[in-house]
Amino acid sequence: MVEFRILGALNLLSADGHELKAILAQPKRVALLAYLAAATPRRLHRRDSLIALFWPELDQEHARAALRQALHGLRQELGEGVLVSRGDEEVGLDVERLRCDVVEFERATQQGQLADALELYRGELLEGFFIRGAIGFEQWLEDERARLRTVALRSATALAEQRQAGGDLRESAQWTRQALRIAPFDEPTLRRLIRTLDSLGDRAGALDVYAAFTQRLKGELEADPAPETATLANSIRERKTARPTAPEPSPRQSPQAMPVARARRPLFGLAVAVLGIAGVVLGVTLRSTPSLNPKRVLVVPFTNRTGDSTLDPLGNLAADWITRGLASTEVLEPVDPGAIVVGANRIAVSDPEELARATGSGMLVSGSLYLRRGQIELNARITDVRSGSVVHPLEPVFGDPHEPRAALKVLRERIMSALAEAVDLRLGGPVQAGNPPRYEAYLAFSAGVEIFYGGRRAADALPYFRRAAALDSTYAQPLIWAAWAYGGTALDQCDSTAVLAKRLGGMNLTPLEQLQIDRVMARCHGDLPAAYALGKRLTDALPSSELMWEQLARDALDFNRLREAITILERLHPDNGALSGRAGYYNWLTNAYHLLGEHDRELRAARRARQRFPRNLATLRMELLALSGLGRGREVIERLDEIETLPPDPIRLPAPVMRETALDLAAHGDSVAAGIAFARTLAWLESQPAAERANEDQRFERALTHYAAGNADSAHAIAAELARRHPRDARYTGLLGTLAAQRGDRAEAVRVSGLLVALERPFGRGEASYWRACIAARLGERDAAVDLLTRALDAGYVYQVRFLDAHVEPSFATLRRDPRFEMLLRPKG
């Protein structure tokens, strides 16, 4: 019998034990043989399907010839009878003549022979194997690797639990180690191993395992262990009893093989992932109840009736996939399933028809999940909300609960067909919306969304986006969100955004996904008019998307269309639905009011934000700036004490908030309160630990505060050292030149301004020009200063002006009554 080993190291042995090197030297023949041996269900395969998998780039004639040649080569080497056929169109393998370790592995697990199965699982399916130009095979291979890995992980975990229940902790630890080798980033498995080793008295071994995991996690994902894992390790290290914790979910309960953030709003990431900012439609629940539109469809997450809460995300994924298909038709207008799963003031899932009426949806797609004999059962129905009748009975769809993509594709096709009959026959054709993402990839992506969009922690989200993209190479959404995270103000790493955009350029993006990455790149290039235009196209394409409208409001604000930004934002719902839990909405709104001088409305919005987010430094900043604009400097100073009582914020830091408040007080004429606020800022900076004071970002913040407070010598001493260490950094060089101009050293100021010309960079967004404008203004060269500031704003420096606005920049004090300067900053709409 021929022996074919494809779990771990690849090997193919003839019936007499010789290695079949002629086949092993041909990667495409190896891939074809592996597919025939391991693909499920195990049956004969049509030649047309094999051609589509392995030779998609060839026309029918040449593809069939390539398949014939490959099959002929396999027959010659494998021997008579191993390859079998039925008629001219079907081909497969005789399982009595070829033994494959994948088949043996699955048979052993089904028969409960778990130890034997794990002996066969020597590594991932076709580990390290790759062939070019066969995207379909690559996708199948990725899916099968994930499926078999999950089976192996469950088997090892089950053996560990059995041995532990029997009192054999040493063997339990051995099987748990094997489970961790199978899924090296699975933290529940890690914690189980740490606890088992601790119970055995091997405290050092438990801590070694934790240290190795931490190093691996940092090295490969640039992430830290979950807090509960760190707490467990610390409790062992300190010889203290840890707080009782909930039982860890086993791999049988969770399909994840990576750490997922424990967020305060765990459904937010899944909801936004369901909505998918580039290609999935979100709903705007209008503030007046609209009439029912027969072409508006609400797809709600399917209700999980399996009794297994780890399958909750599958209900969201079903809604996501159906919504994508409906959006791609350009006939229907899907609305927001996120309103159900996010927000404190939401309509209960038990009454989706009420939500459909509230969103003006004439059609409602809903459903439930069940488990039947190990398979997931997807039951869906379409309701005509106007009449309350079911449009069409839909047969249930069955699939693998851990790799549900095939079932989701069938489900969507059935829903599309039913809607074609009910609404528009154009929906009956093929839907060009790609494949559903792998479930593991979807979960990693949704965790990243929660961290980035919900928690505003861009750097922490990136490992999850990278993990999702690695798990599914065809999944564009994680790359788009990663590009967005890199290009934002928190990281400002547009070089990385450009690399991701180039990678996305080689993928089959939907038109909406292409619009989204184009918008991200326009912002990176500082082309704010283009970003604004792309934002409008996105809201035109997705008129029901609250997230898209919020992003357009930000584009309008950055493009100096302040009134338009306010009009958009006032239509949205920041306290429920897709925007729930995001203080960023209030940031854009209060910024717009502040720049328009409408400080009463600004204060009302800031206090709404403070009521919603009372322990948030960003919302306190909003209130302080509004009070400053109203001339209530004494109250501002009294409120500064609150800053130190608030928890750390991922974006807003105490010293910049105090400095920006002081600058705003000065710009509004309250020099006394401004002086006090500057002094408080410097005192806070000096009170920090020595290691933090030595941090370059904090040193630069200290230099900026001295500069704004008029302490030129102190600012110069810090800036000169920073510029000496980093001569290519426009911030340090720019501040040094501005200080030279401030003390009247024209020659030095002009020299540094010349250096800044060479520091303009492709994604610098006008930073060097902004500092040159500051230098020119300090030298009394008003026209040159306005010209340079115009150039900076045209290059996108509005990113920075949002934090150090032109109307509070100390260097521009002499320009504030200049007609050209006033015209430059005057709102455009």
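Residues 24 or more positions apart account for 66% of the contacts in this chain with a separation of 6 or more, where a contact means heavy atoms within 4.5 Å. The model is a predicted one, so to speak of local features takes a pLDDT of at least 70 and side-chain atom pairs count only at 80 or more, while totals for chains, interfaces and linings use all residues. Residues are numbered from 1 along each chain as its sequence is written, and side-chain values use heavy atoms, with hydrogens and water left out.

**The whole chain**
- You'll find 39 helices and 13 strands here; these are DSSP runs, numbered from the N terminus (helices: H or I, at least four residues; strands: E, at least two).
- Of the 829 residues, 56% are buried, meaning under 20% relative accessible area with a 1.4 Å probe, protein chains only.

**Confidence**
- The mean pLDDT (the predictor's confidence in each residue, from 0 to 100) is 83, and 87% of the residues reach 70 or more.
- Residues 425-433 stay under 50, and the model gives them 19 contacts beyond four places in sequence.
- Residues 800-804 are also below 50, with 18 contacts beyond near neighbours in sequence.

**Helix α2**
- Nine of the 12 residues in α2 are buried, among them V30, L33, Y35 and A38.

Notes. Buried < 20%, exposed > 50% of the residue type's maximum accessible area, 1.4 Å probe, protein only.
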